[in-house]
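The plan is to go from the whole chain down to single residues and jot down what turns up.

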Amino acid sequence: MKIKNLIVVIIGLIIIQSCNKEGTGGNASITGIVYEELVAQNGNSVEARIAQDKKVFIKYGDNDTPSDDTETLVDGTYEFNYLTKGKYTIYTYSDCSNCATENEIKEQIIHIESRNDKITQDINTIKIVGPEDGNSTIT
């Protein structure tokens, strides 16, 4: 009888603890569109467009490393489904001409409050282009 009670208590604790952590296993989702502004090396804006085949990452809770990733579709959309309540960080990389690493993280912190939340979060990035990229025009 004591063993059965102990098993029930352990299972209950596991269920309660798993309900409080961010991650998959819920019905919530985060979706959005990644936009990129094409910028010439001289700093002038060339074009704004949706970002195709761009990696988007998600961190669950206060994780320092990505918990999952996806790529944008041809229409620039991304989605992370089956999330539980909690804090999430969505991010992607953007070019940066005055950064030491030549890119920077563009991130958004999102709080899912309900198990059925459907959050939309767009992300704006920059892509620096040169004549060899085929995006320049002769004037």
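This is a predicted model: local features need pLDDT of at least 70, side-chain atom pairs count only at pLDDT 80 or more; totals for chains, interfaces and linings use all residues.

**Entry 1: a lysine to start with.** I began with K106, which counts as partly exposed at 27% relative accessibility. What does K106 meet in a salt bridge? I looked, and the partner is the side chain of E104, at 3.8 Å from N to O. The cut-off for a salt bridge is 4 Å, so the pair at 3.8 Å is counted. E104 is partly exposed too, with 29% relative accessibility.

**Entry 2: the whole chain.** I stepped back to get my bearings. The chain has 139 residues, and 29% of them count as buried. I also looked up the surface: the accessible area comes to about 9300 Å², with 51% of that belonging to carbon and sulfur atoms. Then contacts. Taking those with a separation of 6 or more, I see that 60% are between residues 24 or more positions apart.

Entry 3: How many salt bridges does the structure hold? I got four. One of them joins E36 and R49, whose closest N and O atoms are 2.9 Å apart. This pair links distant parts of the chain, as E36 is in strand β1 (residues 24-40) and R49 is in strand β2 (residues 45-50), 13 residues apart. Is E36 buried or exposed? It counts as buried, because its relative accessibility is 9% and the limit is under 20%. R49 is partly exposed, with a relative accessible area of 30%.

Another salt bridge I noted is D69 with K55, where the closest N and O atoms are 3.0 Å apart. D69 lies in strand β4 (residues 68-71) and K55 in strand β3 (residues 55-60), so this pair ties together parts that are 14 residues apart in sequence. Both ends come out as partly exposed: D69 has a relative accessible area of 35%, and K55 has 37%.

**Entry 4: the sheet around β3 and β4.** Since that last pair spans β3 and β4, I checked how these strands sit together. They pair in the antiparallel sense over four bridges. Within this pairing, I found V56 opposite T70 in β4. Which strands make up the open sheet of four? The order is β4-β3-β6-β7, with antiparallel pairing. β4 and β7 stand at the edges and have a single partner strand each, so one side of each is left without a neighbour in the sheet. From one strand to the next, the twist averages 25 degrees.

Entry 5: Most residues other than glycine have a negative phi. Y82 is not a glycine, yet its phi is positive, about 60 degrees. I located Y82 in strand β5 (residues 77-83), and it counts as exposed at 57% relative accessibility.

E102 also has a positive phi, near 65 degrees. Where is E102 placed? I traced it to the loop between β6 (86-95) and β7 (103-112). E102 counts as exposed, because its relative accessibility is 59% and the cut-off is over 50%.

Terms used:
Residues are numbered from 1 along each chain as its sequence is written. Side-chain values use heavy atoms; hydrogens and water are left out. Helices (H or I, at least four residues) and strands (E, at least two) are DSSP runs, numbered from the N terminus. Buried means under 20% relative accessible area, exposed over 50%, partly exposed in between (1.4 Å probe, protein chains only). Contact means heavy atoms within 4.5 Å. Accessible areas come from the Shrake-Rupley method with a 1.4 Å probe; for residues, only the protein chains shown count as cover. Two strands pair if DSSP finds at least two bridges between them. Axes are lines fitted to C-alpha atoms, for helices over the stretch in contact, and angles run from 0 to 180 degrees between N-to-C directions.
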